[in-house]
Amino acid sequence: MVAGAADLSAASAESSLVALINADRAAVGLLPLRLDARLSAIAHERSASMAGSGQLSHVQSDGQTIVDLVRAAGITWYSLGETIGWNNYPSLGDSTSVVNRGWMTSPEHVAIIRSTAFNYFGVGLSTTASGDRYWTAIFLRGPDRTAPSATIGAPMSGSYVTLASRSQVRLVTWSWTGTDPQLAVLTSGLRSFEVQRRVDGGAWVSVWTSTTRRSWSTSVSVGQRVQVRVRARDNAGNVGAWSSPVGLFG
């Protein structure tokens with residue numbers, strides 16, 4: 001059972017099911033699936049359709065299946081799977097546990113949940129006025145759409161040098177790392193970084209728009225404040241968020 005079952009909201013129940021499915025995969029050494037909001041929206045649509053018709057079915061009353069719905073949403077996919085369930089447990093926590101347990105006692109459903117073919121999934125719940133609960137989980141194999149991340153460390157600075165102009169500078173080196181989150185399948189891999197700097201709170205200026213380098217050295221004048229930030233791009237074209245800027249006073 002899910003702890004605090006009586007207090008679960010619909011959103012919390014769905015989150016619990018997400019965790020249970022990935023726990024079912026982890027139990028046999030499989031990587032977790034990534035939650036895809038687009039698939040969850042379709043799963044909600046599927047559950048609402050079943051709740052409206054009162055029928056547990058992979059084919060909606062309008063004749064559409066997840067293939068039709070995923071195509072209509074413009075989602076690129078290579079393979080799809082769907083698990084559906086119904087119960088009328090008054091507690092959402094109990095309903096969540098029971099539908100997951102039901103799937104995990106069915107070889108056909110286990111084959112989908114523990115498949116090595118999928119990398120993304122979404123879940124959706126719909127409850128009727130009479131308390132019937134319809135669940136849908138949609139599983140998809142598709143291109144990597146999970147953004148990579150980059151982190152920049154504290155700069156390393158050398159001693160001051162007096163130039164011929166009598167101004168003083170010191171050589172500063174910034175270093176960074178990047179990670180492309182591993183998917184259950186089809187992880188695209190890290191491709192490059194974009195690096196920007198700004199001086200004394202001015203506009204951000206690109207040092208490199210695309211580089212595979214992991215460090216950058218430059219001179220910083222006494223009295224200057226230089227900040228550097230970096231973001232990563234993967235081989236599928238996904239771009240991560242900018243790292244937190246790291247600064248140094250010359």
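**View 1. Helix 2 lies across strand 1, strand 2, strand 3 (120-127) and strand 4.** Helix 2 spans residues 37-53 and runs at about 30° to strand 3. Helix 4 packs on the sheet too, touching strand 2, strand 3 and strand 4. The direction of helix 4 makes about 50° with that of strand 4. Touching, or contact, means heavy atoms within 4.5 Å. Axes are lines fitted to C-alpha atoms, for helices over the stretch in contact, and angles run from 0 to 180 degrees between N-to-C directions. Helices (H or I, at least four residues) and strands (E, at least two) are DSSP runs, numbered from the N terminus. The model is predicted: local features need pLDDT of at least 70, side-chain atom pairs count only at pLDDT 80 or more, and totals for chains, interfaces and linings use all residues. Residues are numbered from 1 along each chain as its sequence is written, and side-chain values use heavy atoms, with hydrogens and water left out.

**View 2. An open sheet of four strands has the order 1-3-4-2.** Its pairing is mixed. Strand 1 (34-35) and strand 2 (79-87) stand at the edges. Each has a single partner strand, so one side of each is left without a neighbour in the sheet. Strand 2 and strand 4 (residues 133-141) run antiparallel, joined by nine bridges. I84 stands opposite T136 in strand 4. Two strands pair if DSSP finds at least two bridges between them.

**View 3. E82 lies in strand 2.** E82 is buried, with a relative accessible area of 9%. Buried means under 20% relative accessible area, exposed over 50%, and partly exposed in between (1.4 Å probe, protein chains only). Leaving aside residues up to four places away in sequence, E82 touches R46, H58, I66, I112, T136, A137 and I138. I66 is 16 residues from E82 along the chain, and their C-alpha atoms are separated by 7.6 Å.

**View 4. Helix 1 (residues 10-26) crosses helix 4 (residues 92-104) at roughly 30°.** The two axes come within 9 Å. The helices are therefore roughly parallel to each other. Angles under 35 degrees count as roughly parallel, over 145 as roughly antiparallel, 65 to 115 as roughly perpendicular and the rest as oblique. The crossing is right-handed. A crossing is right-handed if the near helix is turned clockwise from the far one by less than a right angle, and left-handed if anticlockwise. Helix 1 contributes A10, A13, S16, L17, L20, I21 and D24 to the contact. Helix 4 meets them with L92, T96, V99, N100, W103 and M104. The contact residues divide into nine nonpolar, three polar and one charged. Ala, Val, Leu, Ile, Met, Phe, Trp, Tyr, Cys and Pro count as nonpolar, Asp, Glu, Lys and Arg as charged, and the others, Gly among them, as polar.

**View 5. Strand 5 (residues 149-152) pairs with strand 7 (residues 168-179).** The two run antiparallel, and four bridges join them. A150 has G178 as its bridge partner in strand 7. A150 and I152 form the covered face of strand 5. S149 and T151 form the uncovered one.

**View 6. Four strands form an open sheet in the order 9-8-11-12.** The pairing is antiparallel. Strand 9 and strand 12 stand at the edges, each with a single partner strand, so one side of each is left without a neighbour in the sheet. Neighbouring strands are turned by 15° against each other on average, direction ignored. Nine bridges link strand 8 (residues 190-199) with strand 11. R198 stands opposite Q227 in strand 11. Strand 11 (residues 225-234) and strand 12 pair over four bridges. R225 stands opposite F249 in strand 12. Strand 12 (residues 246-249) has V246 and L248 on its covered face, with G247 and F249 on the uncovered one.

**View 7. V205 is found in strand 9 (residues 205-211).** At 48% relative accessibility, V205 counts as partly exposed. V205 touches V195, Q196 and R197, not counting residues up to four places away in sequence.

**View 8. L186 and D200 have positive phi values.** Neither residue is a glycine. L186 sits in the loop between strand 7 and strand 8, with phi near 65°. L186 is partly exposed, with a relative accessible area of 34%. D200 is in the loop between strand 8 and strand 9, and its phi is about 50°.
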